[in-house]
Amino acid sequence: MPGPLPVRGSIVVPEAELTWRFSRSSGPGGQGVNTTDSRVELGFDVARTTAFGPALRARALERLAARLVDGVITVTASEHRSQLRNREAARERLAALLRDAIAPPPKRRRSTKPSRGAVERRLAAKKHRSDLKRLRRTED
């Protein structure tokens, strides 16, 4: 489980750039909650990382701006009773966040207009429906 964090394809965050903090967790666990440090905080310095190139780093900083504190993103996990499972959950969460942050922007939509035939078919269908309803009416 410890080791580099694969993000996408050839992009891997080295273990040395990840910072771990452990604390007591709230929630399930009974008496063990008071004695074990099962809550996990995983920090990653996006601003100073060597894992991303300049373009990816800029994209990640822009997209994660609301979540960054001094260029560091922090992910917490405390839903499991064991520290190991919380560590795995935090790693998966951070990898997903980074994957979304460095994803290329979606292709721009090329605006189109309906073909003349499509417009004519739509209008013909509307006219047909209108005629049907008109023929159902009773004359006063």
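A residue is called buried under 20% relative accessible area, exposed over 50%, and partly exposed in between (1.4 Å probe, protein chains only). By this rule D70 counts as exposed, because its relative accessibility is 71%. The model is a predicted one, in which local features need pLDDT of at least 70 and side-chain atom pairs count only at pLDDT 80 or more, while totals for chains, interfaces and linings use all residues. Residues are numbered from 1 along each chain as its sequence is written, and side-chain values use heavy atoms, with hydrogens and water left out.

Helices (H or I, at least four residues) and strands (E, at least two) are DSSP runs, numbered from the N terminus. D70 lies in the loop between helix 1 and strand 5. Its phi is positive, near 55 degrees, in a residue other than glycine.

Two strands pair if DSSP finds at least two bridges between them. Strand 1 and strand 2 run antiparallel and are joined by three bridges. R8 has I11 of strand 2 as its bridge partner. The two strands form a hairpin with two residues between them. In the turn, G9 has a positive phi of about 55 degrees.

Helix 2 covers residues 83-102. The expected span of a helix is 1.5 Å times one less than its number of residues. For the 20 residues of helix 2 this gives 28 Å, and the end C-alpha atoms are 28 Å apart, so the two values agree. Buried residues of helix 2 include N86, R87, A90, R91, L94 and L98. Contact is taken as heavy atoms within 4.5 Å. The elements that cover the buried residues of helix 2 include strand 1 (5-8), strand 2 (11-13), strand 3 (18-23), strand 4 (39-45), helix 1 (54-63) and strand 5 (72-77).

N86 belongs to helix 2. It counts as buried because its relative accessibility is 0%. Neighbours within four places in sequence are left aside in the contact lists that follow. N86 is in contact with S38, R39, V40, A77, S78, E79 and H80. A polar contact is a pair of N or O atoms within 3.5 Å; within protein, one must be able to donate a hydrogen and the other to accept it, and residues adjacent in sequence count only if both atoms are side-chain atoms. The side chain of N86 reaches the backbone nitrogen of E79 at 3.4 Å.

L42 is part of strand 4. Its relative accessible area is 0%, so L42 is buried. Its contacts are L18, T19, W20, I73, T74, V75, A90, R91 and L94.

Rings of Phe, Tyr and Trp (its six-membered ring) pair if their centres lie within 6.5 Å; planes under 30 degrees apart count as stacked, over 60 as edge-to-face and the rest as tilted. W20 and F22 are stacked, because their ring centres are 6.4 Å apart and their planes lie at 5 degrees. F44 and F52 are edge-to-face, at 6.1 Å centre to centre and 75 degrees between the planes. W20 is buried at 18%, whereas F22 is partly exposed at 32%. F44 is buried at 0%, and F52 is buried at 3%.

A charge sits over a ring if NZ of Lys or CZ of Arg is within 6 Å of the ring centre and within 35 degrees of the ring normal. The charged end of R87 sits over the ring of W20, 4.5 Å from its centre.
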